[in-house]
Amino acid sequence: MTTATVSRWDRFRESFFWYSFKRDKVAIASFLVLLSMVLAAVFAPLLAPADPYDLAQINIMNSELPPVGLDGADPAFPLGTDAQGRDLLSTILYGTRVSLMIGFGAVILQAALGILFGLLAGYLGGKVDAILMRVADVQLSFSTLMVAIIVGAVFKASFGNLMFGEIAIYMLIFIIGVAEWPQIARTVRASVLAEKKKEYVDAAKVMGFGTPRIMFRHILPNTLSPIFVIATVQIANAIISEAALSFLGLGMPETQPSLGSLIKSGFDYIQSGSWWITLIPGLVLVVLVLVINLLGDWLRDVMNPRLYKG
Amino acid sequence: MLAFLVQRVSQALLVMFVISVIAFAIQDGLGDPLQEMVGMSVSSEEREAIREELGLNDSFVVQYLRFAGSAIQGDLGNSYFYSKPALEVIAEHLPATLELVIGASLIIIVLSVPIGVYAAIRPQAWLSKFFMGVSTVGISIPVFLTAIVLIQLFSIGVTVNWFPADTGWGQWLNEFFTTEGGLPSYGRGDDLVHLFGTWESGLFTGEGLAHLVLPCVSLASIMLPLFIRLIRAEMMEVLQSDYIRYARAKGLGAGRINFLHALKNTMLPVITVGGVQLGIMVAYTILTETVFQWPGLGLMFLEAITRSDIPLIVAYLMVVGLIFVVTNTLVDLIYGLVNPTVKLTGKKA
């Protein structure tokens with residue numbers, strides 16, 4: 001099927017999407033930075049000079065070494081070491097991996113929930129709509145971060161520290177996904193409300209298709225572009241939420257750090273002058289979130305979806 | 001209007017009911033009050049007897065009703081750690097958080113209105129673009145990271161010697177980037193003034209104010225970009241409207257149009273969104289207070305989690321839930337009062 005792929009590639013190259021991407025320097029730069037960070041995170045086990053999960057490689061004598069370029073630096077640790085003597089570059093690579101996994105995982109979960117509830121609310125209307133959107137309103141008025149903190153706190157208190165640490169990745173994906181589903185559900189619902197008045201939906205009904213088929217096969221594809229835009233921004237939000245939870249001690253344990261827990265563990269040493277343990281992971285976090293947000297802004301301009309503004 | 005009022009208030013009561021059920025379920029699921037009350041030596045028969053006597057064997061509904069009944073009377077149980085009523089503990093920590101929120105709100109108001117208005121009036125000016133760029137970056141920086149950077153810069157201090165010190169410009173640049181530090185980054189200080197009740201205020205002494213600076217700036221930094229964007233967007237929309245065009249055609253001065261006619265209509269949605277955002281700030285106080293060891297509600301809540309102090313966790317949830325519900329309902333009511341055409345269903349986070 002080479003002809004098909006070629007023509008698809010050609011179609012992509014002639015699309016408005018590609019055209020506007022080529023002309024937007026900020027978008028290109030953001031994409032390249034994001035791509036390199038994702039690749040670095042995916043291939044962390046190959047790229048990292050040390051394995052931060054392997055206790056045998058850690059020497060406590062190497063703790064709190066500064067990055068190269070400062071007095072007392074060791075060239076074996078280009079970004080210095082943390083308080084346990086782990087190579088900071090390696091922990092950051094692995095930490096970015098954890099943060100990205102949670103970010104993408106949480107957005108996949110909230111997209112699943114948001115699309116399902118948004119479609120149901122928008123297409124069925126009536127009581128279902130009223131109840132689902134009321135729940136979404138209440139949850140949003142509490143701010144997603146607050147909901148995540150409370151759910152995280154309850155989970156941590158009920159599972160205990162050790163247990164929570166072991167399943168922290170899944171817990172965080174679950175917590176953030178559940179806390180943020182209303183954002184996507186509202187967007188989907190707004191698009192569905194606009195779509196369901198259109199003729200093709202009537203046509204599908206006349207042809208006797210069932211409700212689920214109309215919802216998922218006919219309406220859903222037409223609501224994808226706003227979902228795409230909001231999901232991009234939500235990845236950035238999920239990464240920030242994860243970092244905030246980890247910083248509060250409700251997230252990843254220090255043995256398997258994310259960027260947030262690296263910042264937290266480094267913060268305890270900032271008064272003793274070891275600023276790099278907390279500020280370098282912090283910088284990585286900000287750059288990661290910033291490029292995703294910039295790409296989200298660009299996508300919004302290109303796709304120009306009818307974003308639901310509460 | 002009456003129907004709207006009744007609808008909103010009953011909705012608020014419903015939400016509060018749901019919050020109390022969740023809070024009670026947490027208490028019911030996590031805590032075993034018996035473990036806190038009796039030692040190891042008590043036999044299982046005696047435990048069962050105490051259980052029966054305390055009503056712990058009653059059904060969930062009966063126990064919830066008892067919980068709700070005493071909650072309405074202001075009794076949310078005793079904190080395990082502080083060994084006094086949970087609400088009293090909250091009352092002691094509330095003023096610190098309130099002062100933090102007041103300080104941050106002042107910073108937000110003073111900065112966001114002029115910047116937002118300027119960016120709307122002159123969207124093409126480089127200064128506007130600069131502010132909008134800074135606010136995009138600002139949204140991407142988590143509040144605890146801002147706080148840490150502020151501590152490094154203004155509490156610990158940074159000495160810069162990147163530039164050659166023997167040249168005049170190098171020396172000047174080194175000095176320009178070097179910060180003194182010295183601002184307190186821990187707690188509220190010792191110099192607090194007793195106002196009334198449990199309110200120990202840091203607003204009236206130099207030391208108290210110095211302790212407020214970094215936490216307030218950090219907390220403000222997360223909301224400021226949102227408000228600048230909001231004010232700019234609303235103002236730009238208002239500036240497009242017919243009555244502004246008419247005022248221009250009439251030959252009114254730009255200052256009068258912008259600040260008297262346009263700003264008035266800009267501020268209405270901003271104030272309502274602002275009201276909701278102030279409630280949302282509670283979530284961010286948890287992060288800010290953790291960084292600065294600020295003895296407010298947020299830090300108390302986190303400590304309660306690490307200590308498994310369940311009555312205090314539950315009390316915090318109820319109080320914060322009440323704050324959210326009351327601010328949201330008030331904002332909705334005010335908005336409905338001022339702008340009857342719009343039925344506000346809720347605001348985005």
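Reply: In this predicted model, helix α14 (residues 276–303) of chain A packs against helix α6 (residues 126–139) of chain B at an angle of about 120 degrees, and their axes are 9 Å apart. Axes here are lines fitted to C-alpha atoms, for helices over the stretch in contact, with angles running from 0 to 180 degrees between N-to-C directions. Helices (H or I, at least four residues) and strands (E, at least two) are DSSP runs, numbered from the N terminus.

Me: Why is α14(A) called oblique to α6(B)?

Reply: Under 35 degrees counts as roughly parallel, over 145 as roughly antiparallel, 65 to 115 as roughly perpendicular, and the rest as oblique. The angle is about 120 degrees, so α14(A) is oblique to α6(B).

Me: Which hand does the crossing of α14(A) and α6(B) have, and which residues make the contact?

Reply: The crossing of α14(A) and α6(B) is right-handed. A crossing has that hand if the near helix is turned clockwise from the far one by less than a right angle, and is left-handed if anticlockwise. Contact means heavy atoms within 4.5 Å. Leu290(A), Asn293(A), Leu294(A) and Asp297(A) of α14(A) meet Thr136(B), Val137(B) and Ile139(B) of α6(B).

Me: How do the residues of the contact of α14(A) with α6(B) divide by class?

Reply: They divide into four nonpolar, two polar and one charged. Ala, Val, Leu, Ile, Met, Phe, Trp, Tyr, Cys and Pro count as nonpolar, Asp, Glu, Lys and Arg as charged, and the others, Gly among them, as polar.

Me: What makes α6(A) oblique to α9(A)?

Reply: Helix α6 (residues 126–141) of chain A and helix α9 (residues 168–195) of chain A pack at about 130 degrees, with axes 9 Å apart. That angle makes α6(A) oblique to α9(A). Their crossing is left-handed. Among the contact residues are Leu132(A) and Ala136(A) of α6(A), and Trp181(A) and Arg189(A) of α9(A). The contact of α6(A) with α9(A) has ten nonpolar, two polar and four charged residues.

Me: Why is α5(B) called oblique to α12(B)?

Reply: Helix α12 (residues 297–306) of chain B packs against α5(B) at an angle of about 135 degrees, with the axes 7 Å apart. At that angle, α5(B) is therefore oblique to α12(B). The contact joins Val89(B), Ile90(B), His93(B), Leu94(B) and Thr97(B) of α5(B) to Leu297(B), Gly298(B) and Met300(B) of α12(B). Five nonpolar, three polar and no charged residues take part in the contact of α5(B) with α12(B).

Me: How many helices and strands does chain A have?

Reply: Chain A has 14 helices and zero strands. Its C-alpha atoms fill a box of roughly 75 × 50 × 35 Å along the principal axes.

Me: Which residues of chain B does UniProt list as "transmembrane region"?

Reply: The unreviewed UniProt entry lists several spans, including residues 12–30 and 130–154 of chain B. UniProt positions are given in the numbering used here, feature names are shortened, and annotations may be inferred rather than shown by experiment. In the model, residues 12–30 of chain B are 100% helix and 0% strand, with end C-alpha atoms 27 Å apart. Residues 130–154 of chain B are 88% helix and 0% strand, with end C-alpha atoms 24 Å apart.

Me: What pLDDT do the chains average?

Reply: pLDDT is the predictor's confidence in each residue, from 0 to 100. Chain A has a mean of 82, with 91% of its residues at 70 or more. Over residues 305–310 of chain A the pLDDT is below 50. Chain B averages 80, and 90% of the residues score at least 70. The complex has an ipTM of 0.79 and a pTM of 0.84.

Me: Which conventions apply?

Reply: Residues are numbered from 1 along each chain as its sequence is written, while chains are lettered from A and ligands numbered from 1 in the order in which they are written. Local features need pLDDT of at least 70, side-chain atom pairs count only at pLDDT 80 or more, and totals for chains, interfaces and linings use all residues, while side-chain values use heavy atoms, leaving out hydrogens and water.
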